[in-house]
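Subject: A structure for you to look at

Hi there,

Here is the structure I promised to pass on. Please open it beside this email, and then read on for what turned up.

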Amino acid sequence: MRIVVLAGGIGGARFLRGLKQAVGPGADITVIGNTGDDIHLFGLKVCPDLDTVMYTLGGGIHEEQGWGRSEETYAVKSELKAYGVGPEWFGLGDKDFATHIVRTQMLGAGYPLSAVTEALCDRWQPGVRLIPMSDDRVETHVLIEEPDAEAGQGGRKAVHFQEFWVKLHASVPALGIIPVGAETAKPAPGVLEALAQADVIILPPSNPVVSVGTILAVPGIRAAVAGASAPVVGLSPIIGGAPVRGMADKVLAAVGVETSAAAVARHYGGRAAADGGRGTGLLDGWLVDESDAAAVAEVEAAGIPCRAVPLWMTDLDTTAAMARAALALAEEVRRA
Ligand code: FO1
């Protein structure tokens, strides 16, 4: 069975670990990874979401953080600080630096990001095919109020997503999300083919705006999902009106989406309209947590078959069970 997953960072990577267990070693899983979180620091290209998938599935992840390497040290970071070279707010560890050095060296030699990612995964053996959404540079920026604008000026400025997320801890309202470069980016080699040949397409519990949304912003990818012959099933990243992790509510507000399991389903939209005709959305099925069972009727009223199952990824078996629930729903809704 060919499964394609559009994944962001921590939530997507954790889900993938369960999916791998659910489908077993013979699985054919392609992950289309978000690169909008990428940041250039110290002359290096850092790809947080690609690395989180690679490290999590390859066994190198710092488990509690969900990003960066386990047993990490920060000698280089403290030396950079000694030179007064910033930024200090983004925690790059010594082992992690090696990944960014190899990536930047290969990019400098002319290899596209997709080839670089394949080479890095050759070491980590994640057990999935990890393709960046695009080989072209796309960087998500967040529009915020200019903090030091004189009263009344209401100035605004765009900051890099990582500055909003890590330096500012998403503590200021996000007024807009701008995937810079998305409009001229092309899907990386293999992305559209994987979607066209998929037996199942999954939208995992990643951030629907800055992770899945950014992938869908690359011209051609949204249409490839909407037009795929495979059933498309999503899992809510919102449980009980709050994001499971991270600060998805901050960016959902920026795009006018209420922080609820049903609202995110409506945001993605149904592929079949409520009247059974053709919808304008992406979903054939949606999973909400048992605590949001009341939302099932609302989601189904939007024309999206919906099931309430445990969605807390507390451990591998729970995550594998929710992956199986997603695959079961995909079979249920597979259009004749
Ligand atoms: N997140 C933080 O909250 N603080 C950090 O210092 C930090 C450093 C970091 C370094 C490498 C990397 O790949 C990810 C890192 N992240 C950090 C996480 C990152 O902001 C998020 O993983 C994604 O961008 C959101 O999915």
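Which residue just after α4 takes a positive phi? That is G110, with a phi of about 100°. Before going further, note that this is a predicted model, where local features need pLDDT of at least 70, side-chain atom pairs count only at pLDDT 80 or more, and totals for chains, interfaces and linings use all residues. Residues are numbered from 1 along each chain as its sequence is written, and side-chain values use heavy atoms, with hydrogens and water left out.

Helices and strands here are DSSP runs (H or I, at least four residues, for helices; E, at least two, for strands), numbered from the N terminus.

Now for the charged pairs. A salt bridge is a side-chain nitrogen of Lys or Arg within 4 Å of a carboxyl oxygen of Asp or Glu, and the count comes to 14. One of them joins D199 to R2, with the closest N and O atoms 3.3 Å apart. D199 lies in the loop between α7 and β9 and R2 in strand β1, so this pair ties together parts that are 197 residues apart in sequence. D199 is partly exposed at 23%, and R2 is partly exposed at 39%.

Enjoy exploring!

How values were computed. Buried means under 20% relative accessible area, exposed over 50%, partly exposed in between (1.4 Å probe, protein chains only).
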